[in-house]
Amino acid sequence: MKITALAKVNAFLKITGKRDGYHTLRSRFVRVDDLYDTIRFVPEACSTFTIEGLEGVPREANTIYKAYKALNEATGDLDVLDFFYRHKVVVTKRIPAGAGLGGGSSDAGAFLRLVHRVCDLRLSIDELAAIGARVGADVPFFVYDYPSANVSGIGEVVEPFDELTPPLEIVTPPIHCDTAAVYRRFSECCANTIDPDAGAEWFSLPTREILNTVKDPTELNDLFRPARDLCPGLKKYAKEGWFFIGSGSSFFRLRG
């Protein structure tokens with residue numbers, strides 16, 4: 001019983017406003033099929049929900065545990081509760097943390113999909129994605145598992161985009177970008193630049209066309225400037241043809 005939790009890149013990310021204390025956005029999420037964590041359910045008697053492979057991360061702060069709690073609160077499914085008295089969760093991490101690649105959100109989304117499958121839950125994919133949204137803004141994308149999608153709202157609106165996703169090359173600097181700090185810095189330095197229609201014209205365009213047309217990483221990603229303010233070391237990685245991912249710190253470019 002295992003599943004891969006795939007990374008993502010944001011081909012573009014535009015902040016469009018604020019709602020209930022959260023920034024709203026418009027973004028194209030593209031799944032990265034060759035970079036992933038692996039999540040397994042391993043038979044073992046457990047007195048409580050048990051996760052291995054994420055040492056140093058408190059259980060209550062772990063997105064997988066948060067997904068488990070959200071699932072139980074939403075469904076009250078005793079079969080799921082019993083399953084995790086008889087199985088532990090083992091995670092093999094490959095997606096770097098604090099890199100903008102969605103590792104924590106992907107782990108939560110993949111966990112929900114695997115529980116849904118092995119416990120034969122009677123939920124629709126939309127219901128499962130709504131549970132994922134309680135865990136984090138990016139989790140619904142990973143629940144739907146689309147190769148490419150237009151994402152809006154605070155991340156809960158996920159619409160599949162039909163395209164042949166281009167091969168991508170990713171580099172992750174030895175720099176940790178704190179997502180909350182990057183968004184705070186955006187509010188400080190860039191709030192007056194918010195356009196509620198930003199990025200709308202890109203929703204209909206293939207990812208490759210967007211990246212071949214718009215060359216400025218600050219134009220494609222509204223979070224690059226605040227992340228660069230907080231982490232000046234990012235500047236040397238912003239080379240021609242490379243684009244900033246999410247709230248960082250990774251960069252990507254078209255391969256070939």
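Is Asp-197 buried or exposed? Asp-197 counts as exposed, because its relative accessibility is 53%, and exposed means over 50% relative accessible area, buried under 20%, and partly exposed in between (1.4 Å probe, protein chains only). The model is predicted, so local features need pLDDT of at least 70 and side-chain atom pairs count only at pLDDT 80 or more, while totals for chains, interfaces and linings use all residues. Residues are numbered from 1 along each chain as its sequence is written, and side-chain values use heavy atoms, with hydrogens and water left out.

**Negative patch on the surface**

- A patch of negative charge on the surface gathers Asp-195, Asp-197, Glu-201, Asp-216 and Glu-219.
- Such patches are made of residues with over 30% relative accessible area and no salt bridge, with like charges joined within 9 Å and nonpolar side chains (Val, Leu, Ile, Met, Phe, Trp, Tyr) within 5 Å.
- Asp and Glu count as negative and Lys and Arg as positive, while His and the chain ends are not counted.
- The place of a charge is taken as NZ of Lys, CZ of Arg, CG of Asp or CD of Glu.
- Accessible areas come from the Shrake-Rupley method with a 1.4 Å probe, and for residues only the protein chains shown count as cover.
- Asp-197 sits in the loop between H6 and H7.
- Glu-201 lies in the loop between helix H6 (179-189) and helix H7 (207-213), and Glu-201 is partly exposed at a relative accessible area of 47%.
- Asp-197 and Thr-24 are 173 residues apart in sequence, and their C-alpha atoms are 11 Å apart in space.

**Helix H3 and the residue that follows**

- Helices (H or I, at least four residues) and strands (E, at least two) are DSSP runs, numbered from the N terminus.
- Helix H3 covers residues 103-118, and its 16 residues should span 22 Å at 1.5 Å a residue; the expected span is 1.5 Å times one less than the number of residues.
- The end C-alpha atoms of H3 are 22 Å apart, which agrees with that span.
- H3 is mostly covered, with twelve of its 16 residues buried; among them are Gly-103, Phe-111, Leu-112, Arg-113 and Val-115.
- Asp-120 follows H3 and is found in the loop between H3 and helix H4 (125-133).
- Asp-120 is partly exposed, with a relative accessible area of 48%.

**Salt bridges**

- Side chains of opposite charge can pair when their charged atoms come close.
- A salt bridge is a side-chain nitrogen of Lys or Arg within 4 Å of a carboxyl oxygen of Asp or Glu, and the structure holds 16 salt bridges.
- Glu-156 and Arg-19 meet through their side chains in a salt bridge of 3.0 Å, N to O. This pair links distant parts of the chain, 137 residues apart: Glu-156 is in the loop between strand E5 (148-153) and strand E6 (157-160), and Arg-19 is in strand E1 (residues 2-19).
- Glu-156 is partly exposed at 33% relative accessible area, and Arg-19 is partly exposed at 35%.
- Asp-145 forms a salt bridge with Arg-113, and their closest N and O atoms are 3.7 Å apart. The two are 32 residues apart, with Asp-145 in the loop between helix H5 (139-144) and E5 and Arg-113 in helix H3.
- Asp-229 and Arg-185 form a salt bridge of 3.1 Å, N to O. Asp-229 belongs to helix H9 (residues 224-230) and Arg-185 to helix H6, 44 residues apart.
- Salt bridges that share partners join Arg-31, Asp-33, Arg-113 and Asp-145 into one network.

**Backbone exceptions**

- Most residues other than glycine have a negative phi, and most peptide bonds are trans.
- Asp-120 is not a glycine, yet its phi is positive, about 50°.
- Asp-145 also has a positive phi, near 60°, in a residue other than glycine; Asp-145 is partly exposed at 28% relative accessible area.
- The peptide bond from Gly-248 to Ser-249 is cis, with omega near 20°.
- Ser-249 lies in the loop between strand E8 (243-244) and strand E9 (251-254).

**A contact across the sequence**

- Ala-11 is found in strand E1 and is buried, with a relative accessible area of 2%.
- Ala-11 and Ile-245 are 234 residues apart in sequence and 7.5 Å apart in space, C-alpha to C-alpha.
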